[in-house]
Amino acid sequence: MASDLSCVFTLDSGVLALFDTVIPGGSGHVLRTGGPGWPKGWVLPSPWELEYGTGGALAVEERALDVADPGAWRAAAGVPADPDPLDAFDETDLRLASLLSLAAPVVLIEDSAFGGTLSHEYAALCAGGGLRAACGVDFPNGRAFVLEAGAYREAPPEEVSPVSHCARLLDRSFGSRSLFDGYLPREAHREGPPCREAWTGPAPRPAPEWRRHFPVLAAG
């Protein structure tokens with residue numbers, strides 16, 4: 001069965017206000033998830049795919065993920081200077097997760113499978129602006145990586161379960177269960193009209209040091 005999931009997953013609705021900073025009105029396309037024995041959560045579609053899926057009706061705010069000093073942001077966020085071995089996440093992906101995690105912990109997810117064949121599975125956990133965990137598997141090529149002691153290293157693929165690992169750090173109730181077994185959607189592109197009203201709740205107030213890293217927060 002096909003799946004093509006590119007999203008940010010969180011258990012806290014406070015993240016939605018910062019998501020609307022990146023793509024205004026985007027929170028109207030955010031999906032709820034949950035089920036017996038599972039915590040309720042939110043699935044935020046990739047802003048760039050959401051922009052494409054709505055035919056440009058929603059536009060990513062170009063300056064939202066600008067940082068005042070990329071090197072200073074990487075140091076503060078604990079993002080290694082060198083890319084991961086599979087080139088799973090670019091810096092924009094990690095800036096998005098870093099920004100959103102100033103409201104609550106988030107898991108950045110990239111997963112793809114076609115015709116029942118897994119292609120790749122990547123996940124990264126950010127909390128408080130910092131990268132706390134990251135790992136990925138390239139199934140066809142038999143390669144994997146993990147974040148360890150502030151750097152990426154290659155690892156045996158059979159030892160890496162990216163989404164389950166990061167989700168368990170988010171909430172221990174996830175255990176070792178697969179979130180793809182009916183919990184996460186198979187895609188989160190949210191083409192077409194919104195499925196809910198955009199977020200109108202209070203916006204989080206990130207610490208002043210993070211407002212210096214993300215100028216868009218200082219303007220609010």
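**Strand pairing, cysteines and rings**

Biologist: Which residue in β7 is the bridge partner of G136?

Modeller: This is a predicted model, in which local features need pLDDT of at least 70 and side-chain atom pairs count only at pLDDT 80 or more, while totals for chains, interfaces and linings use all residues. Residues are numbered from 1 along each chain as its sequence is written, and side-chain values use heavy atoms, with hydrogens and water left out. Strand β6 (residues 130–138) is joined to β7 (residues 143–148) by 4 bridges, and the two run antiparallel. In β7, G136 has as its bridge partner F145.

Biologist: How many bridges join β5 to β6?

Modeller: Strands (E, at least two residues) and helices (H or I, at least four) are DSSP runs, numbered from the N terminus. Two strands pair if DSSP finds at least two bridges between them. A124 stands opposite A134 in β6. β5 (residues 117–127) and β6 run antiparallel, and the number of bridges joining them is 8.

Biologist: Is C126 buried or exposed?

Modeller: Buried means under 20% relative accessible area, exposed over 50% and partly exposed in between, with a 1.4 Å probe and protein chains only. The relative accessibility of C126 is 2%, so C126 counts as buried.

Biologist: How many disulfides does the structure hold?

Modeller: A disulfide is a pair of cysteine sulfur atoms within 2.5 Å. For C7, the nearest cysteine sulfur is that of C166, 12 Å away. For C126, the nearest cysteine sulfur is also that of C166, 9.2 Å away. The number of disulfides in the structure is 0.

Biologist: How many aromatic pairs does a search of the whole structure find, and why is the pair of W38 and F174 tilted?

Modeller: Rings of Phe, Tyr and Trp (its six-membered ring) pair if their centres lie within 6.5 Å; planes under 30 degrees apart count as stacked, over 60 as edge-to-face and the rest as tilted. The search of the whole structure finds 7 aromatic pairs. W38 and F174 have ring centres 5.8 Å apart and planes at 45°, so this pair is tilted.

Biologist: Which ring does the charged end of R32 sit over?

Modeller: A charge sits over a ring if NZ of Lys or CZ of Arg is within 6 Å of the ring centre and within 35 degrees of the ring normal. The charged end of R32 is 4.0 Å from the centre of the ring of W42.
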